[in-house]
Amino acid sequence: MRRILVAVLLLMTSFAQEKLNAPGLAELNQMAARFAPTALHVDTTVLSPGDKKALVQLIQAARILNHLFMRQLWSGDLSMYERLQQDQSPLGRARLHYFWINKGPWSEIDQHRAFLPSVPTTKLPGANFYPEDMTKEEFEAWVERLSAAEKTQAEGFFTVIRRENTGLRAVPYSHEYKNDLTEAAKFLRQAGELTDNISLKRFLSARADALLSNDYFESDIAWMDLDAPLEVTFGPYETYNDEMFGYKAAFEAYINIRDDKETTKLAFLGQHLQDIENNLPEEPEYRNPKLGTLAPIRVVNEVFGAGDGNHGVQTAAYNLPNDDKVVQRKGSKRVMLKNIQEAKFKATLLPISKVVLQSGDQSNISFELFFTHIVAHELCHGLGPHEITISGHKTNPRMELKDTYSAIE
């Protein structure tokens with residue numbers, strides 16, 4: 001979990017006009033300057049020869065998710081990206097640079113307002129998970145007519161909704177993105193053949209299968225059991241970009257190297273999560289009596305991020321998976337991106353402290369405290385109700401709260 005987005009539902013899409021809304025070269029450069037280019041340092045000497053070779057294949061697989069995520073963000077995203085690459089003027093290069101930061105034509109830190117001409121003025125609430133002309137009411141009326149199994153697919157993480165002559169239909173990711181996922185699965189399998197870590201082999205094989213079958217449950221279980229120097233997160237996870245319902249998962253990748261020393265230091269926290277759950281200020285019936293057999297905390301250094309894991313503001317940590325069936329069985333994993341957090345601390349927090357704190361308080365600033373705060377934040381994401389019953393029907397808070405879930409959670 002990393003950001004809160006406010007859903008804005010638009011019945012009609014308006015378009016930006018270049019003379020009125022599109023920023024010029026100087027303004028674009030100022031917008032891009034708000035992001036601090038930072039070199040990330042990662043020690044790869046801790047990897048075995050096989051893992052070093054596997055790392056190359058994993059980065060290749062992750063690169064594919066950049067373009068796949070752009071397809072999910074907006075139907076015109078890739079064609080816009082191709083056009084921008086052809087413009088070698090100073091303004092064209094500035095537009096391309098800021099487009100790549102955001103992976104689209106909307107500025108994430110400016111309420112998703114367009115910075116390019118001839119595109120929707122703000123990011124579409126349903127991204128490209130739904131037809132652009134579909135309303136919430138149309139979708140909900142359609143879902144009401146479906147069987148239980150069909151409804152599960154329509155509201156599930158891993159389908160897009162497309163329009164056909166007879167109305168709406170749910171299309172599995174494995175079909176909608178078949179070519180990209182087939183290519184990514186190939187690289188994952190090659191990485192699995194190269195690594196000498198059994199748990200990583202198991203996860204990469206299971207995740208490659210999932211990309212083509214659209215069934216991610218077993219590979220999520222394998223990810224929870226992953227215990228390897230290469231800590232890999234790869235697949236469709238977060239639903240923030242679906243601001244219409246919060247149903248659809250975007251593809252992302254984090255290719256990380258585990259920091260064993262820091263991971264060991266934090267391991268004890270996971271052993272006490274059940275105690276915290278048992279004392280939550282809520283009715284006992286809503287408490288989870290068994291958070292899962294595992295609540296691992298991994299401290300890692302990021303080597304490469306892609307897709308939903310690398311656009312706009314960079315995430316400092318994440319808590320996954322989001323599938324409540326997996327969480328009920330295995331708990332959830334907290335991954336702390338230490339080198340990203342250190343970069344945030346140095347490039348943003350320290351400069352801010354010079355402005356807002358008196359000089360006598362400067363000695364109280366430490367990365368360790370900043371890091372601990374983020375750990376506590378991520379630990380709390382896995383607590384609280386994951387399965388509830390309403391009118392005899394088993395469901396979960398995410399499904400019931402829909403587009404308001406992210407803000408409330």
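**Around K338 and beyond**

Mentor: Start with K338, which is found in helix α15, residues 338-356. Helices (H or I, at least four residues) and strands (E, at least two) are DSSP runs, numbered from the N terminus.

Trainee: Is K338 buried or exposed?

Mentor: K338 is buried, with a relative accessible area of 16%. Buried means under 20% relative accessible area, exposed over 50%, partly exposed in between, with a 1.4 Å probe and protein chains only.

Trainee: And what does K338 touch?

Mentor: Not counting residues up to four places away in sequence, K338 touches D259, E262, V299, V300, N301 and F367. Contact here means heavy atoms within 4.5 Å.

Trainee: What's the mean pLDDT of the chain?

Mentor: The mean is 90, and 94% of the residues reach 70 or more; pLDDT is the predictor's confidence in each residue, from 0 to 100. Over residues 1-20, though, pLDDT stays under 50. Where pLDDT is low, the predicted coordinates should not be read in detail.

Trainee: Back to α15: where does it bend?

Mentor: At F345, by about 35 degrees. That's the angle between axes fitted to the seven residues ending there and the seven starting there.

Trainee: What do the buried residues of α15 pack against?

Mentor: They pack against α12, β7, β8, β9 and α16.

Trainee: New topic: which residues touch the most other members in the largest nonpolar core?

Mentor: Of its 92 residues, those are Y130, F139, L211, W223, L230, F234 and F251. α3 gives the most to this core, with twelve residues. A nonpolar core is a set of buried Ala, Val, Leu, Ile, Met, Phe, Trp, Tyr and Cys residues joined through side-chain atoms within 4.5 Å.

Trainee: What's D51 up to?

Mentor: D51 lies in helix α3 and is buried, with a relative accessible area of 2%. Its side chain makes a polar contact with the side chain of T195 at 2.5 Å. A polar contact is a pair of N or O atoms within 3.5 Å; within protein, one must be able to donate a hydrogen and the other to accept it, and residues adjacent in sequence count only if both atoms are side-chain atoms.

Note on methods
Residues numbered from 1 in each chain as written. Predicted model: local features only at pLDDT ≥ 70, side-chain atom pairs only at ≥ 80, totals over all residues. Heavy atoms only, no water.
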